[in-house]
Amino acid sequence: MPRYASQTVLDVVTHIQRALDPTLAYRYACRVGMCGSCAMTVNGVARWTCRTHVDRAAKDDALEIEPLRNLPVIRDLVTDMSGFFDKWAKARGRFEGGASRNDDFAKVVPQSREREQVDAAIECIGCGVCYASCDVVTWNPDYLGPAALNRAWTLVNDVRDTTNTERLRAIAGDAGCHACHTHVSCTERCPKQIAPTAGIAGLKRAVAKAALRGEL
Amino acid sequence: MTFRNETLLWMLQRASAAVLALCVVVHLATMVYAIRGGLSAAEILGRTRGNYGWLAFYSLFVLACAVHVPIGLRAVLAEWFKWRSGARDLALAAFAVLIAALGMRAVLGVFL
């Protein structure tokens, strides 16, 4: 493998596909850390390959590149992400407001606690790195996973959303936030420096409060 | 099990963990303190027999164990052994009773 300065793991995979094995299947789009589609397991760690320099990831001048864990493999380095995104839908990851086009804009104070919680979690681009790094997903395939729960957390804190009781029902229980063991792998590995663990802990508190109020 | 009951189990486990944290600290501190002067078993029993304070403390300790341990095992059985059925919960309820019975037997053994 030719080596050069600032070479990324994605460069290596691309070289293999173009020069060594044209049958190699892998997925990428933006190459600059915006789309999240090039996530793979590099030397045992889920990463964005486009933002991972070979110099930093190689051990003893060797790279072992595998598909993301916890997802079915379609071919080579390409995983089937549909189950991952189905869980976003299961966690009611869709905004459901109560206002119509005739209403005025909602006013959300940027410094409000809820808005700050949303800001800390909203930048997720759905790359699946956290999901592939989560041991609980491995042990419990029904577990919604850090990304879907992080998305639910942003909506629980969205003061405009009107379906939070249903959302809390959807994310509670053994396949939801209560399955999290706080291993913090998702937070450790998230390329966007989001802390899904903190959001999941927030969901546990929100669910507990709703249960005590008899809303669940 | 409904998500509401699963939430209640989670709250029970957190609450029992808080109780256990306190109980373990008190228990260890008491043990270290009790053996410093070389207390004999008879001397220890002399202090615990008829002492309602220790009875209450260790009964709380046992109760917290009986609540906390089966809920933790529930997750272990599900994740490591794929046992998620209602039979698992019945078995764990029986295990909770066993922990409580054995624990209270020990507590009453030094109280009566």
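Chain B has a mean pLDDT of 93, with 100% of its residues at 70 or more. The model is predicted, and the predictor assigns the complex an ipTM of 0.78 and a pTM of 0.89.

**Confidence within chain B**

- Among the elements of chain B, the lowest mean pLDDT, 88, belongs to helix H2 (residues 41-48).
- Helix H4 (residues 86-111) of chain B has the highest mean pLDDT among those elements, 96.
- Where pLDDT is low, predicted coordinates should not be read in detail.

**Contact between chains A and B**

- Twelve residues of chain A and ten residues of chain B take part in the contact.
- On the side of chain B that touches chain A, helix H1 (3-36) and helix H3 (52-81) of chain B each supply at least two residues.
- H1(B) provides the largest share of that side, with seven residues.
- By residue class, the side of chain B that touches chain A consists of six nonpolar, one polar and three charged residues.

**Sheet in chain A**

- Chain A holds an open sheet of three strands in the order S2-S1-S3, and the pairing is antiparallel.
- Strand S2 (45-48) and strand S3 (65-66) of chain A are the edge strands, each pairing on one side only.
- Strand S1 (residues 39-42) of chain A runs antiparallel to S3(A), and two bridges join them.
- Val42(A) has Ile65(A) as its bridge partner in S3(A).
- In general, the strands of a sheet pair through backbone hydrogen bonds, in either a parallel or an antiparallel way.

Definitions and conventions
Residues are numbered from 1 along each chain as its sequence is written. Chains are lettered from A and ligands numbered from 1 in the order in which they are written. This is a predicted model: local features need pLDDT of at least 70, side-chain atom pairs count only at pLDDT 80 or more; totals for chains, interfaces and linings use all residues. Two strands pair if DSSP finds at least two bridges between them. Helices (H or I, at least four residues) and strands (E, at least two) are DSSP runs, numbered from the N terminus. Two residues are in contact if their C-beta atoms, placed from the backbone, lie within 7 Å. Ala, Val, Leu, Ile, Met, Phe, Trp, Tyr, Cys and Pro count as nonpolar, Asp, Glu, Lys and Arg as charged, and the others, Gly among them, as polar. pLDDT is the predictor's confidence in each residue, from 0 to 100.
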